[in-house]
Amino acid sequence: MKNIFTIISLVFLANNFYAQCVSEAHSNNKNDAWLSCEKRASPNPDRASSHWVLYDLGYVYSIGATKIWNYNVLGETDRGMKNIFIDYSVNGTSWNEATAFQLDEALGNNNYVGQDGPYLNQINARYILITAMDTWGNNGCAGLSEVRFDLEGTVAVESVFKERPAVKLFPIPASDQLNVNADFLIAEIIIVNASGHEIMRSKKIDKIDISYLNDGMYFLKIINENNEVTTERFVKQRL
């Protein structure tokens, strides 16, 4: 099954909240869930080809709390996403990482009430991208049942739009050392593996020793002095 580009309107959100006000329980019917069984190029180039769901909220909102129901189909809960990245955008082109998060495996029954997702700290966004770094099994598919966002008022686009910061990593692929060049002051860098797990955190930002890493794809989170995060992808490959 191909990735689903999910568009949520304000009407859909209002109906969804109303439908769940009596009970938070989610059905285990596969028709009430989203499933991707074929990796596709992500709207965020930092995420490469992956299993992802993209939400278009229709307008730019300030977003706080979230709640997530994982893939809840009986006998197939191992298809549920495990470690995820949540990215956000005003225009669908320039992306920022909101957070990484680990989901619990669903129960597979009609009493499944989901879990509180990450608090998104009042980010301003129209588009929310959820990317699966791995699942609770190894079957080539990744799914979710439902995601709920706490929206607080519309925000003028011109008040929040920023150009994507310029960051250059070299060489790519890198063997022993990765060089970082940014057009802003870097406060800290974090290396995350393809499963979303933090490998290293450092204040030394211009030249990074990666000789100890296994070959493969990694993500470099670059944090500026305002605690804003830019994520870049790099490949470690021994020569």
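User: Which residue in S16 stands opposite glycine 216?

Analyst: This is a predicted model. S15 and S16 run antiparallel and are joined by 8 bridges. Within this pairing, the residue in S16 opposite glycine 216 is lysine 236.

User: In what order do the 4 strands of the open sheet stand?

Analyst: The pairing in this open sheet is antiparallel. Neighbouring strands are turned against each other by 20 degrees on average, direction ignored. The order of the 4 strands is S13-S12-S15-S16.

User: Why is one side of S13 and of S16 left without a neighbour in the sheet?

Analyst: Strand S13 covers 198–202, and strand S16 covers 229–236. Both stand at the edges of the sheet, so one side of each has no neighbour there. The reason is that each has a single partner strand.

User: Which strand gives the largest share of the lining of the second largest pocket?

Analyst: The second largest pocket holds about 270 Å³ of space. At least two lining residues come from each of S4 (49–70), S8 (123–132) and S15 (216–224). The largest share is 3 residues, and the strand that gives it is S4.

User: Which residues of the lining lie nearest the centre of the second largest pocket?

Analyst: The lining has 16 residues. By kind, they divide into 3 charged, 6 polar and 7 nonpolar. Those nearest the centre are Lys39, Ala132, Met133, Asp134 and Ala194.

Note on methods. Residues numbered from 1 in each chain as written. Predicted model: local features only at pLDDT ≥ 70, side-chain atom pairs only at ≥ 80, totals over all residues. Heavy atoms only, no water. 1 Å grid on protein atoms, 1.4 Å probe; cavity = no way out; pocket = protein on both sides within 12 Å on 5 of 7 lines; lining within 4 Å. Points joined across faces, edges and corners; volume = space filled by probe spheres on them. Nonpolar A, V, L, I, M, F, W, Y, C, P; charged D, E, K, R; others polar. Pairing = 2+ DSSP bridges. Axes fitted to C-alpha atoms, helices over the stretch in contact; angles between N-to-C directions.
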